[in-house]
Amino acid sequence: MFNSMKLNSRLAAAALGALAIGTVAFSAPAAAAPLPLFPFILLPPPQAVPPVQSEPQVQDEGRTAELPARLRRQIVDYPTREAAGTIIIDTPHTYLYYVLGGGRAIRYGIGVGRDGFTWSGTQTITKKAEWPDWTPPPEMIARQPYLPRHMAGGPGNPLGARAMYLGGTVYRIHGTNAPETIGTHVSSGCLRLTNADVIDLYSRVSVGTKVIVLPMTDRRADLGTAVR
């Protein structure tokens, strides 16, 4: 019996020693990475902080549509007796020529009046405006009563970035917020360019500039040949 008690004492001591070693071994990593107080509560994974982004850049006011080559602004050979600085509207071919002199001109693609709304004659530029307001004339409102009575200037305005007013008429040379209409017969008589082109033309002309509008019946050949 004594031997049995002695054996049991040794087994108990060995068990206590093993428990002590396990406690020490477990405590070391715990000190480096303590366990959560409530391990049964699942915390969401940490979220990555998105990078700070700069404000989007405003698009250039002179942005243009991808025009066919013939409608892009270019210097061309253009024999004419008109003085340098004159604007000539080639209505049938949907071109505007700004005469440079020496047999050359800058040619711009334009949109012109639709059937029944073309006109011809000679006018002068009597007013220039940047980002003009639009007040449709009574004749246009009578045909299209849904039109606004007044629209402030800006990118959404159908007159676009610039306007040059022709004499005492209701017609203008102006920009457009629909560049895909360049090269078409679509307006009520006004002459439209892309915003980039109308800004360029606006910088070249002044009040008093002569403007010649050729009639649709003038079917002469296109005289503008690109300068190589």
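Okay, Ile 110: you'll find it in the loop between E4 and strand E5, which covers 112-113. This is a predicted model, so keep that in mind throughout. Is Ile 110 buried or exposed? Ile 110 has a relative accessible area of 0%, so it counts as buried. And who does Ile 110 touch, if we skip residues up to four places away in sequence? The list is Ile 89, Thr 94, Tyr 95, Leu 96, Ile 182, Gly 183, Thr 184, Arg 192 and Leu 193. Take Thr 184 from that list: 74 residues separate Ile 110 and Thr 184 along the chain, yet their C-alpha atoms are 7.7 Å apart.

Thr 94 was on that list too, and there's something to look at there. Thr 94 sits in the loop between E2 and E3. Its phi is near 55°, which is positive, and Thr 94 isn't a glycine. As a reminder, most residues other than glycine have a negative phi. Thr 94 is also buried, because its relative accessibility is 1% and the cut-off for buried is under 20%. Trp 131 is another non-glycine with a positive phi, about 40° in this case. You'll find Trp 131 in the loop between strand E6, residues 121-130, and H2.

Let me step back to the whole chain. We have 228 residues, and 36% of them are buried. The secondary structure comes to 3 helices and 12 strands. If you take contacts between residues at least 6 apart in sequence, 66% of them join residues at least 24 apart.

How confident is the predictor? The average pLDDT for the chain is 78, with 68% of residues scoring at least 70. Residues 1-9 are below 50, and beyond near neighbours in sequence that stretch makes 0 contacts in the model. Then residues 11-64 stay under 50 as well, with 7 contacts beyond four places in sequence.

Now, the packing. Which residues have the most contacts inside the largest nonpolar core? Those are Ile 87, Leu 96, Ile 173 and Leu 201, in a core of 22 residues. At least two residues each come from strands E2 (87-90), E3 (95-101), E4 (104-109), E7 (162-166) and E11 (210-213), and from helix H3 (195-204). H3 is the top contributor to this core, giving 3 residues. Apart from that core there's another one, with 13 residues, including Tyr 95, Ile 182, Ile 212 and Ala 226.

Staying with H3 for a moment: how many of its 10 residues are buried? It's 7, so to speak a mostly covered helix. Those buried ones are Asn 195, Ala 196, Asp 197, Val 198, Asp 200, Leu 201 and Tyr 202. They pack against E2, E3, E4, E6, E7 and E8. Leaving out residues up to four places away in sequence, Leu 201 touches Ile 87, Leu 96, Tyr 98, Tyr 108, Met 164, Ile 173 and Leu 193.

Last topic, empty space. Rolling a probe the size of a water molecule over the atoms shows where space is left. The largest pocket holds about 410 Å³. It has 24 lining residues, and Trp 134, Met 140, Gln 144, Ser 187 and Ser 188 lie nearest the centre. Which element gives the most to that lining? That would be H2, with 3 residues. Helix H2 (138-143), strand E8 (172-174) and strand E9 (185-187) each put in at least two.

The largest cavity comes out at about 40 Å³. What lines the largest cavity? Thr 91, Val 112, Gly 113, Phe 117, Thr 118, Trp 119, Gly 189, Leu 191 and Val 213 do. That lining has 5 nonpolar residues, 4 polar ones and no charged ones.

How values were computed
Residues numbered from 1 in each chain as written. Predicted model: local features only at pLDDT ≥ 70, side-chain atom pairs only at ≥ 80, totals over all residues. Heavy atoms only, no water. 1 Å grid on protein atoms, 1.4 Å probe; cavity = no way out; pocket = protein on both sides within 12 Å on 5 of 7 lines; lining within 4 Å. Points joined across faces, edges and corners; volume = space filled by probe spheres on them. Helix = DSSP H or I, 4+ residues; strand = E, 2+ residues; numbered from the N terminus. Core = buried A, V, L, I, M, F, W, Y, C linked by side-chain atoms within 4.5 Å. Buried < 20%, exposed > 50% of the residue type's maximum accessible area, 1.4 Å probe, protein only. Contact = heavy atoms within 4.5 Å. pLDDT = per-residue confidence, 0-100. Nonpolar A, V, L, I, M, F, W, Y, C, P; charged D, E, K, R; others polar.
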